[in-house]
Amino acid sequence: MSDWQPKIVVFLCQWSLKADREWEQRFELPPHVRVVEVPCSGRVNPLLVVSALQRGADGVLVVGCEPGHCHYKNGNYLGRRKYATLGSFLQYLGLEKERLQVTLLDETEGSRFHVVVQNLLDKVRSLGPADALAVRQPMACVSQMERE
Amino acid sequence: MRQYTEAMRKEAKRLLAEGSVQVVIGFAEGTLPMRAAPFFARKPEDAERLIWGPFCENNLARYLREYKGKKAAIVAKGCDTRSIVALMAEHQLPRDQVYIIGVPCEGMIDRRIVARRVPGEVLAAREEGAELEVEGQDFALRLPRSEVLYRSCSACLHPNPVLSDVLLGEPVELWSQDPYVYVREVENKSPEERAAYFSAEASRCIRCYACRQACPMCYCEECFVDHTSPRWIESGVTPAGLQGWQIGRAYHLTGRCVDCGACERACPEEIDLVYLNGKLNKDLRELYGFETGVKLDELPPLAVFLPDEGPDFGI
């Protein structure tokens, strides 16, 4: 158990942090934190979050732009309602509320992004592996087919 | 409730004879006691088969989209009219194509509760005032109506149609105090208990999708569960697949579910489904003051926002 590291999936809006791209050089994220860049946080399908949790993620972070800073004017506002309801719903189903984190960052807040990820890592590490939802079986046959 | 049957037949006969609608969607006597079947009256003489009673439990709004482009009349309870309004809000149904025969509803009776409360097979059931008279081979007893209502019905806040072209009776009085009693019960449990409850309920699912078919709002041409690319959720009858289906189904109805309970009534495994959608409805009501299908010109809650509303997600 001591070498267990929480798996974190980050859905990162491609526009937030765009003025601070060097955060990738300044802070190296641990390999168990996977960043998925998306065109807009407001359009991240909630099923992607469920999917990530069902594929073994211990925590999910959705990063959008700060209010008023959305590239598409209101994607972050629409996302806010989506994640408020999804987060509360997953919590109702038994998932710890700390495991789904939504945060809205300015274009230049690369260092704050790092802090947010570290905070989530610490929280999830203290919670241990996620066990509220059943985990999907690896799709052995499919991956076999894809290889061929 | 029986008194509505006559008025309903008269109205249906008039509409069909006039030719102002092509079909009247209502209920006919079912083949078993305590069952009523959705019925589609297309000729004036069909109207004689229409009935109304405490077992007309389906949400008939589910059939309206199938008559797109034609004029249809529908017999609708409070929840059915809310579904119709919600469908209109999503541009699925033009107002002038549907004629709503509104029926004030006193709540539908859960035949499963009745079957559990009596010693044998029910051969006949009849409503007598505030009681249900149940007869079987060697028993006859009376059950108080309030004890055998569906959960969603005993919690209902809109028994009267919110929208109708003709109303068949006087509006009924509200009986429910708290629309989300069953949600609160689960909310008060610990996270471990909630997770155990959800996985136990989901594990009984056989993925027949009857809940989806019964729902007036589940009209996607291709359901997320049938997608193969991306495969949103596992396709088998596996714990993750079943939970994924329950989460996806419930969440996709956020701000669209009217708490009619049709999904739960259709479920052959009697899985607790209204507690999932109830939670989402309760949240929308508490966070954004939104109630589905109550106001005609209201936009779906996930399609709008206020700049300064909560919750604040900052760390």
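## Basis of the model

The model is predicted: local features need pLDDT of at least 70, side-chain atom pairs count only at pLDDT 80 or more, and totals for chains, interfaces and linings use all residues. Residues are numbered from 1 along each chain as its sequence is written, while chains are lettered from A and ligands numbered from 1 in the order in which they are written.

Helices (H or I, at least four residues) and strands (E, at least two) are DSSP runs, numbered from the N terminus.

## The sheet of chain A

Chain A holds an open sheet of 4 strands, ordered S2-S1-S3-S4, with parallel pairing. Two strands pair if DSSP finds at least two bridges between them. Strand S2 (33–38) and strand S4 (100–105) of chain A are the edges; each has a single partner strand, so one side of each lacks a neighbour in the sheet. On average, neighbouring strands of this sheet are turned by 20 degrees against each other, direction ignored. Axes are lines fitted to C-alpha atoms, for helices over the stretch in contact, and angles run from 0 to 180 degrees between N-to-C directions.

Strand S1 (residues 8–13) and strand S3 (residues 59–65) of chain A run parallel and are joined by 5 bridges. A:Ile8 has A:Gly59 as its bridge partner in S3(A).

## Helices across the sheet

Two helices of chain A lie across these strands. Helix H2 (residues 46–54) of chain A covers S1, S3 and S4 of chain A and runs at about 150 degrees to S3(A). Helix H4 (residues 110–127) of chain A lies across S1, S2, S3 and S4 of chain A, at about 160 degrees to S3(A). Contact here means that the C-beta atoms of two residues, placed from the backbone, lie within 7 Å.

## Helix packing in chain B

Two packed helices are described by the angle between their axes and the distance between the axes. In chain B, the axes of helix H8 (residues 239–252) and helix H10 (residues 274–288) come within 9 Å and cross at roughly 40 degrees. H8(B) and H10(B) are therefore oblique to each other. Angles under 35 degrees count as roughly parallel, over 145 as roughly antiparallel, 65 to 115 as roughly perpendicular and the rest as oblique. The crossing of H8(B) with H10(B) is right-handed. A crossing is left-handed if the near helix is turned anticlockwise from the far one by less than a right angle, and right-handed if clockwise. B:Gln246, B:Ala250 and B:Tyr251 of H8(B) make the contact with B:Leu276, B:Asn277 and B:Leu280 of H10(B). By class, this contact of H8(B) with H10(B) has 4 nonpolar, 2 polar and no charged residues. Ala, Val, Leu, Ile, Met, Phe, Trp, Tyr, Cys and Pro count as nonpolar, Asp, Glu, Lys and Arg as charged, and the others, Gly among them, as polar.

H6(B) also packs on H8(B), at an angle of about 100 degrees and with the axes 9 Å apart. That makes H6(B) roughly perpendicular to H8(B). B:Ser199, B:Ala202 and B:Ser203 in H6(B) meet B:Pro239, B:Leu242, B:Gln243 and B:Gln246 in H8(B). This contact divides into 3 nonpolar, 4 polar and no charged residues.

## Backbone of chain B

Most residues other than glycine have a negative phi, and most peptide bonds are trans. B:Tyr209 has a positive phi, near 65 degrees. B:Tyr209 sits in the loop between helix H6 (191–203) and H7 of chain B. The peptide bond from B:Ser229 to B:Pro230 is cis, with omega near 0 degrees. B:Pro230 lies in the loop between helix H7 (210–214) and H8 of chain B.

## Domains of chain B

Chain B is assigned domain 1 (3–110 + 149–302) and domain 2 (111–148). Such bounds come from an automatic or database domain assignment. The domain centres, taken over C-alpha atoms, are separated by 25 Å. Their contact takes 10 residues from domain 1 and 13 residues from domain 2 of chain B.

## Where the chains meet

H2(A) packs against H8(B): their axes come within 11 Å and cross at roughly 160 degrees. H2(A) and H8(B) are therefore roughly antiparallel to each other. H2(A) passes H8(B) in a right-handed crossing. A:Pro46, A:Leu47, A:Val50 and A:Gln54 in H2(A) meet B:Ala240, B:Gly244, B:Ile247, B:Gly248 and B:Tyr251 in H8(B).
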